Amino acid sequence: MRTETQWQRRTLGSSGTDVGALGFGCWAIGGEWSAPDGSPLGWGVVDDDESVAAIRRALDLGVTFFDTADVYGAGHSERVLGRAIAGRRDEVVVATKWGNLFDGRTRTMDGSDSSPAYARRALVASLRRLGTDRIDLYQLHLGDTPLDEAAELRDACEEFVAEGLIRAYGWSTDDPERAALFAAGEHCAAVQHACNVLEDAPGMLDLSEERGLLSVIRSPLAMGLLAGSGDRSPRADTGDIRSTPPAWLSWFEAGGVPAEHWAKRVEAVREVLTADGRTLAQGALGWLWARSGRTVPIPGFRTVAQAEENAAALTHGPLRHEQVEEIAGLLT
Ligand SMILES: NC(=O)c1ccc[n+]([C@@H]2O[C@H](COP(=O)([O-])OP(=O)(O)OC[C@H]3O[C@@H](n4cnc5c(N)ncnc54)[C@H](OP(=O)(O)O)[C@@H]3O)[C@@H](O)[C@H]2O)c1
């Protein structure tokens, strides 16, 4: 049952679809998958029944926006999400992404394709895996696609909207210039980008404000560092990307140990984030809502307990202005 207060209102562009201030990210629930060299791209073994239960619990608690990608678990995340929302599709806002190539049999990612023809094939495949006739937010997953190719993909997305296959589209990128190019499209409603207490993204947030986009915030918990995953003990699960971090993943060191630089910064702000009876994760989400009224953080999850804790962040709401100021002072 959804009870929404004014600060939580977020709309998906001209589609008018109500998204709410919190979504859930479905990368981890894709289970194990890997790069061609065998290094993990997933978060280790997952229990699909628990994932389905967590999604349904989130829905019951008023979280209706779910972000996935065709490549997560080489198609598995979309299938699990489809299974969880079967019979409740009209309550749910579904976002997925395309651009990476993968082999569902070997569960490996094996390249990318930024052609409009591939975008259409990927869309049809995502609709089938999700068990739906439309995607509410379709996102380009290739963050560094050249601008001329992206302009063609933006036109392709407008065609998909006209055909009723998608409601709106966006780009998952950390580059404001790229996001601005997509934003020129009539039905571009969002940009997905990284942002959290430890790493602000002022350029992207300013762009969202200027262009009326939603900022769908990925890795809002710094991949678990800003939640319960910040202890310094090594991570046993070798199928977890945090155990063998690729170059871009700076939050964790080999073995999944939190990087000392970031762990110290988490400790510096823990007390402010957990004031008012919030958990660390709830405080980190509250910081994002205080940072901009356009943010929709999409924390990842693997259990019903995490879904409940993260959904309960909505009852605490944004941090107060003076808390945000204090955190800024502590992190300078
Ligand atoms: N390029 C892209 O487009 C891109 C890139 C990254 C992410 N994303 C999207 O953004 C979503 C979120 O980002 P993310 O998954 O990278 O990281 P995140 O949301 O920052 O962290 C999620 C992880 O934190 C831990 N966690 C979550 N809630 C918790 C709680 N209440 N207590 C304790 N631990 C908790 C869980 O890991 P453990 O329990 O396993 O420790 C969970 O998998 C993804 O699922 C995906 O949809 C998109």
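The ligand is surrounded by 29 residues, of which G25, W27, G224, G228 and G300 are the closest; a residue is near a molecule if its C-beta atom, placed from the backbone, lies within 6 Å of it. Helix α9 (residues 304–311) contributes the most to this shell, with three residues. Helices (H or I, at least four residues) and strands (E, at least two) are DSSP runs, numbered from the N terminus. The model is predicted: local features need pLDDT of at least 70, side-chain atom pairs count only at pLDDT 80 or more, and totals for chains, interfaces and linings use all residues. Residues are numbered from 1 along each chain as its sequence is written.

The protein chain contains 11 helices and 14 strands. Its C-alpha trace spans about 50 × 45 × 40 Å along the principal axes. Of its 332 residues, 50% count as buried, that is, with 20 or more other C-beta atoms, placed from the backbone, within 10 Å of their own.

Eight strands form an open sheet with parallel pairing, in the order β3-β4-β5-β8-β9-β10-β11-β14; two strands pair if DSSP finds at least two bridges between them. The edges are taken by β3 (23–25) and β14 (295–297), each with a single partner strand, so one side of each is left without a neighbour in the sheet. Neighbouring strands of this sheet are turned by 25° against each other on average, direction ignored, with axes fitted as lines to C-alpha atoms. Strand β3 runs parallel to β4 (residues 65–67) and is joined to it by three bridges. In this pair, F24 stands opposite F66 in β4.

Notes: Buried ≥ 20, exposed ≤ 12 C-beta atoms within 10 Å, placed from the backbone. Axes fitted to C-alpha atoms, helices over the stretch in contact; angles between N-to-C directions.
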